[in-house]
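Subject: Structure handover

Hello,

My notes on it follow below.

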Amino acid sequence: MNDEQRPLVLLGGGHAHVVALREWLEQRRKPPAGSLLISPDRYGWYSGMMPGLLAGRYRLEDCRIDLRTLCRACGVELWIDSASGLDADQMTLRLGSGNKLQAELLSLNIGSVPPLPDISNSVIEVLPAKPFSIPVAAWQRWRTTGAPRSMAVLGGGAAAFELAMALNSSLPDCEVQIISGSSLLGGHHQRVHHRARQLLAGYGVSLTEHCHVTRVHGDELFADDRSIGHADAVIVATGAGAFDWPRHSGLACQDGFVRIDATLRSVSHRTVFATGDCAALPRTPHAGVYAVRQGKTLAANLMAALHDQPMERYHPQRRALALLATGDGRALLSYGAMAAHNRLLGRWKDHLDTAFIRA
């Protein structure tokens, strides 16, 4: 077991860390020698492109960033590993491989996992929508060996909507449904709700709202003790759930998410930063667009912390543009009260997504 000390440890290959590394590269600023990025995967996957991949419109290599190449250019070492625990007071990180190391400065960008229903004696394949690699591997297998006859996507947010539309497009012999514990696209305007429901109906995707799947048993889905039907496969896209270990780390947390201030630092441990889905910051939803925009502030503030300089403040945008892919090259626009659906919007989404990968 190693017990090393590193000046800077970036834990997770998420959007904010990718942006931060790119910022340093563009500014020709390198973190101190011995700095380290730890990621469970060599590649940083861009989640906004997963629906396009599952719809058969992208290749795997179109949707990922090679962290090894990016780290090498920045003078940062890459370890393929993941965290199993943290002692925030001692700044000691435990890894799944059994390695242990200490960090002078630690940045967390580990994402989130959707909360899964209870699963008992199930013959249904139940998959989380995150990490990216899990549903992609299943989709590749289904395309080769045959798709399930029926599939339920659990969740009512943008991810569930896009996944259902993508799978409906690429697996024509599979009956796809969405089961949402709340209203579909509840954080969006009523016009967007109405248009999304029209699209689901038009594409043959059934929708059940205000029905929370709590248990999977045999080949049935249950809302508490009530059976709500059968499925051959389930993808869980029920929003952001926290990993277990941060709440036991000593860091101040809110529902397991690391509480940060506008400088993106932990409110309890000032040598720990957190960004993206693993962080809790007022007026900042768990969505990729916010993690991407946090990246520039993170790049500046990690350098500021290393050199004892003043910090910048991150200001979340009041309103975020959403372009939701519908599996056919079109996209549904949601921006305040604006709602539209056409192929031009799909091209715009493609441009924005591919621009991030190629930056």
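Start with the second largest pocket: H1 gives the most to its lining, with four residues. Before the rest, the ground rules. This is a predicted model, where local features need pLDDT of at least 70 and side-chain atom pairs count only at pLDDT 80 or more, while totals for chains, interfaces and linings use all residues. Residues are numbered from 1 along each chain as its sequence is written, and side-chain values use heavy atoms, with hydrogens and water left out. Helices (H or I, at least four residues) and strands (E, at least two) are DSSP runs, numbered from the N terminus.

**Second largest pocket**

A pocket is an open set of points on a 1 Å grid over the protein atoms alone, with protein on both sides within 12 Å along at least five of seven lines; a cavity is a set where a 1.4 Å probe fits but cannot get out; lining residues have an atom within 4 Å of a point. Grid points are joined across faces, edges and corners, and a volume is the space filled by probe spheres set on the points.

This pocket has a volume of about 180 Å³. Its lining is Val19, Arg22, Glu23, Leu25, Val292, Lys296, Phe356 and Ala359. H1 and helix H7 (288–306) each supply at least two of the lining residues.

**Helix H1**

H1 covers residues 15–27. Its 13 residues should span 18 Å at 1.5 Å a residue, and its end C-alpha atoms are 18 Å apart, which agrees. The expected span is 1.5 Å times one less than the number of residues. Of the 13 residues, 10 are buried, so H1 is largely enclosed by the rest of the structure. Buried means under 20% relative accessible area, exposed over 50%, and partly exposed in between (1.4 Å probe, protein chains only). The buried set is His15, Ala16, His17, Val18, Val19, Ala20, Leu21, Arg22, Glu23 and Trp24.

Histidine 17 sits in H1. Its relative accessible area is 1%, so histidine 17 is buried. Leaving out residues up to four places away in sequence, histidine 17 touches Leu10, Leu11, Gly12, Leu37, Ser107, Leu108, Asn109 and Leu298. Contact here means heavy atoms within 4.5 Å. Just after H1, arginine 28 takes a positive phi of about 55 degrees.

**Helix H4**

H4 runs over residues 133–145, and its buried residues are Pro135, Val136, Ala138, Trp139 and Trp142. They cover an arc of only 165 degrees around the axis, which puts them on the same side of H4. The arc is that of the directions from the helix axis to the C-beta atoms. On the other side of H4, Thr144 and Thr145 are exposed. The buried residues pack against helix H2 (50–54), strand S12 (125–128), strand S13 (150–154), helix H5 (158–170) and strand S19 (233–236).

In the loop between S12 and H4 lies proline 131. A cis peptide bond joins lysine 130 and proline 131, with omega about 0 degrees.

**Cavities**

How many cavities of 30 Å³ or more are there? The count is four.

- The largest cavity holds about 70 Å³. H7 gives the most to its lining, with three residues. The lining residues divide into seven nonpolar, four polar and one charged.
- The second largest cavity has a volume of about 60 Å³. It is lined by 13 residues, of which Arg57, Tyr58, Ala325, Lys349 and Asp350 lie nearest its centre. Helix H8 (residues 343–358) supplies the largest share, four residues. By class, the lining has four nonpolar, four polar and five charged residues.

**Backbone checks**

Asparagine 121 is not a glycine, yet has a positive phi of about 45 degrees. Asparagine 121 is in strand S11 (residues 118–122) and is exposed, at 66% relative accessible area. Aspartate 255 is not a glycine either, and has a positive phi of about 55 degrees. Aspartate 255 lies in the loop between strand S20 (253–254) and strand S21 (257–259), exposed at 63%.

Best wishes

Terms used:
Nonpolar A, V, L, I, M, F, W, Y, C, P; charged D, E, K, R; others polar.
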